[in-house]
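Please look over the model shown here, and consider how its parts are arranged and how much confidence each part carries.

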Amino acid sequence: MAMFQFMGGEIVLVTAGEAKRPMRNLPIAARYMYLLPISFYLVAILFVGLNINYLDPRLYHSHLPFFINSRLEGVQTAARSPFVIVIQNAGISTLPGFLNAAFIFSAVTAA
């Protein structure tokens with residue numbers, strides 16, 4: 001999914017010189033360039049939303065000042081990401097660390 005964030009509208013124009021039928025293929029490519037990432041994000045949000053409990057104490061609630069008896073009280077880390085919480089609930093032990101590293105790497109390299 002991350003590669004779609006870095007593709008701008010100019011990628012369609014760059015490929016126009018290489019296309020066999022640009023008048024037919026470029027409008028289709030331009031539509032998919034925006035529809036595909038949006039649909040990936042919506043499907044990912046839907047699946048995560050169906051697999052996480054809203055009252056999970058690990059989940060960050062911005063409207064609450066603090067959680068009582070929470071080990072992450074007042075801390076906003078990548079461990080509070082809904083994606084990481086769902087993977088931890090699924091019992092996959094190494095993937096949350098990989099996701100946290102990917103989140104940090106994308107934040108550091110974003111310009």
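The report below takes up confidence, then the helices, then the surface and the salt bridge.

This is a predicted model, in which local features need a pLDDT of at least 70 and side-chain atom pairs count only at pLDDT 80 or more, while totals for chains, interfaces and linings use all residues. Residues are numbered from 1 along each chain as its sequence is written, and side-chain values use heavy atoms, with hydrogens and water left out.

The protein has an average pLDDT of 76, and 77% of its residues score at least 70, where pLDDT is the predictor's confidence in each residue, from 0 to 100. Confidence is lowest in helix α1 (residues 2-5), with a mean of 51, and highest in helix α4 (residues 82-90), at 86; helices here are DSSP runs (H or I, at least four residues), numbered from the N terminus.

Within α3, the residues L26, M33, P37, A44 and V48 are buried, meaning under 20% relative accessible area, whereas exposed means over 50% and partly exposed lies in between (1.4 Å probe, protein chains only). On the surface, I28, Y32, L36 and F40 form a nonpolar patch with about 350 Å² of accessible area together; such a patch joins nonpolar side chains (Val, Leu, Ile, Met, Phe, Trp, Tyr) within 5 Å, from residues with over 30% relative accessible area and no salt bridge. An α-helix has 3.6 residues a turn, so residues three or four places apart point the same way.

The relative accessibility of several residues is set out here.

| Residue | Relative accessibility | Class |
|---|---|---|
| L36 | 31% | partly exposed |
| P57 | 47% | partly exposed |
| L13 | 65% | exposed |
| R58 | 23% | partly exposed |
| D56 | 9% | buried |

L13 lies in helix α2 (residues 10-16); L13 and A30 are 17 residues apart in sequence, with their C-alpha atoms 9.3 Å apart in space.

A search of the whole structure finds one salt bridge, a term for a side-chain nitrogen of Lys or Arg within 4 Å of a carboxyl oxygen of Asp or Glu. R58 forms a salt bridge with D56, and their closest N and O atoms are 2.9 Å apart.

Methods: Helix = DSSP H or I, 4+ residues; strand = E, 2+ residues; numbered from the N terminus. Patch = residues over 30% accessible without salt bridge, like charges linked within 9 Å, V, L, I, M, F, W, Y side chains within 5 Å. Areas by Shrake-Rupley, 256 points an atom, 1.4 Å probe, with all protein chains shown as cover.
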